[in-house]
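Trainee: Please give me a close look at one part. I would like to hear about salt bridges.

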Amino acid sequence: MNLYVVRNRDGQFFRAKGRDGGGKTWVNELEKAKFYAKLGQAKSRVTFFTKEYPKYGCPDILEFTLDVAAAKVMDMKVT
């Protein structure tokens with residue numbers, strides 16, 4: 001399984017703010033970044049920022065590969 005993240009030329013990651021969201025669009029921490037399950041979703045963000053904000057350059061897409069077979073099951077029993 002692959003996940004995708006959009007990164008600008010300053011090394012910051014795109015963060016989706018949601019409906020009526022506030023805060024920064026670009027963050028320094030990967031943990032706060034928006035991860036996309038489909039490459040097309042990440043490409044559409046790159047297209048938007050490249051067309052609307054050309055002076056900032058074209059963002060990169062980072063691809064992360066997950067090994068689903070190595071997933072750990074977490075015990076969620078209430079004690």
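Mentor: Start with Glu29. Glu29 counts as partly exposed, at 34% relative accessibility (20% to 50% of relative accessible area, 1.4 Å probe, protein chains only; buried is under 20%, exposed over 50%). Note that this is a predicted model, where local features need pLDDT of at least 70, side-chain atom pairs need 80 or more, and totals for chains, interfaces and linings use all residues. Residues are numbered from 1 along each chain as its sequence is written, and side-chain values use heavy atoms, without hydrogens or water.

Glu29 pairs with Lys32 in a salt bridge, with 3.9 Å between their closest N and O atoms (a side-chain nitrogen of Lys or Arg within 4 Å of a carboxyl oxygen of Asp or Glu). The whole structure holds 2 salt bridges.

The other pair is Arg7 and Asp60, whose side chains meet at 3.4 Å, N to O. Arg7 sits in strand E1 and Asp60 in strand E4, so this pair ties together parts 53 residues apart in sequence (strands are DSSP runs of at least two residues, helices H or I of at least four, numbered from the N terminus). Arg7 is partly exposed, at 29% relative accessible area. Asp60 is partly exposed too, at 36%.

Follow those strands to helix H1. E1 (2-7) and E4 (60-65) are among the strands that cover the buried residues of H1. Those buried residues are Ala42, Val46 and Phe49. They share one side of H1, because their arc around the axis is only 70 degrees (taken from the axis to the C-beta atoms). Exposed Lys51 and Glu52 lie on the face turned away from that buried side.

Definitions and conventions
Contact = heavy atoms within 4.5 Å.
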